[in-house]
Amino acid sequence: MLTPFFAAAILQRHFYWQELVIFVAIVVALVIKDPLVVLARQHWVWRQEHEETSGARRVASVELILLAVCALPLVLTRDWRWFGALFVTATAFTVLAVAVNVRNRQRSVWFQCVSAVALSGTSVAACLAGAGTVPRWCWALWGLSALQATAAILVVHARLEARIGARNRPPTPSASRQPAFLLQILLLLSGAVCVALGYWWLAA
């Protein structure tokens, strides 16, 4: 989440106070998932009210107010349509993350890959809060950041699967090994394309 945001902020080569606002909003939007998961479990899973529910309700309320406070200056000083789309997308991902956590599926590969793509979108948020537009290099940064994060996820899963499979006789092959190798190759090719197009900082 942080790397694409700061990369985009640096590549804009100018400081905008709105970047601080959107940064706070991004962090709050990420941490609000935890109290929302507790509230969702209380509503759909638990039959009796747990002691952490009241605390989660208070925290979620404060964080929602903080998100509204951050949203106000952004929509007043930048194109509200872009931020409207950004807020809707972030809300949809939060709902998905809460639903997946309630079902205890948060360690599934597909969800982690979706999370990598969604959280890499902070680069777009930084550009919208900064210059107010999304330049072409920002879309490339988002794609490269999402690709790198997804590749890292698959490498970790391949490593874990290899260690678990090595205990079996015969060893169990890793399902993530080949996709992990393919994404490493794709990352190298993407870096070469960035160099060819003159996007030296993106390649770095």
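# A tour of an all-helix chain

The secondary structure of the protein chain comes to 10 helices and 0 strands, where helices (H or I, at least four residues) and strands (E, at least two) are DSSP runs numbered from the N terminus. This is a predicted model, in which local features need pLDDT of at least 70 and side-chain atom pairs count only at pLDDT 80 or more, while totals for chains, interfaces and linings use all residues. Residues are numbered from 1 along each chain as its sequence is written, and side-chain values use heavy atoms, with hydrogens and water left out.

**The whole chain.** Begin with the C-alpha atoms of the protein chain, which fill a box of roughly 60 × 60 × 20 Å, taken along the principal axes. Colour by burial next: of the 204 residues in the protein chain, 36% are buried, a label that means under 20% relative accessible area, with exposed over 50% and partly exposed in between (1.4 Å probe, protein chains only). If you then draw the contacts (heavy atoms within 4.5 Å) between residues at least 6 apart in sequence, 67% of them join residues at least 24 apart.

**Helix α7.** Select residues 122-129, which form α7.

**α1 against α7.** Keep α7 and show α1, residues 2-11. The two helices pack at an angle of about 35°, with their axes 7 Å apart; axes here are lines fitted to C-alpha atoms, for helices over the stretch in contact, and angles run from 0 to 180 degrees between N-to-C directions. Their crossing is right-handed, a term used if the near helix is turned clockwise from the far one by less than a right angle, and left-handed if anticlockwise. P4, F5, A8 and A9 in α1 meet T122, S123, A126 and C127 in α7. The residues of this contact divide into 6 nonpolar, 2 polar and no charged, counting Ala, Val, Leu, Ile, Met, Phe, Trp, Tyr, Cys and Pro as nonpolar, Asp, Glu, Lys and Arg as charged, and the others, Gly among them, as polar.

**The cores.** A nonpolar core is a set of buried Ala, Val, Leu, Ile, Met, Phe, Trp, Tyr and Cys residues joined through side-chain atoms within 4.5 Å. In the largest one, which has 22 residues, select A8, I22, L74, F83, W137, C138 and L202, the members that touch the most others. Helices α1, α2 (17-31), α4, α7 and α8 (136-165) each supply at least two residues of this core, and α7 gives the most, with 6 residues. Centre the view on I22: leaving aside its neighbours within four places in sequence, I22 is in contact with F5, L74, F83, L86, A125 and A129. A second, separate core of 6 residues includes L147, A158, A180 and L183.

**Helix α6.** In α6, select F111, C113, S115 and A116, which are buried; what covers them includes α5 and α8.

**α3 against α4.** Finally, show α3 (residues 33-44) and α4 (residues 51-77), which pack at an angle of about 130°, with their axes 8 Å apart. That makes α3 oblique to α4, since angles under 35 degrees count as roughly parallel, over 145 as roughly antiparallel, 65 to 115 as roughly perpendicular and the rest as oblique. The crossing of α3 and α4 is left-handed. P35, L36, V38, L39 and Q42 in α3 meet E52, T53, A56, R57, V59, A60 and E63 in α4, and by class this contact has 7 nonpolar, 2 polar and 3 charged residues.
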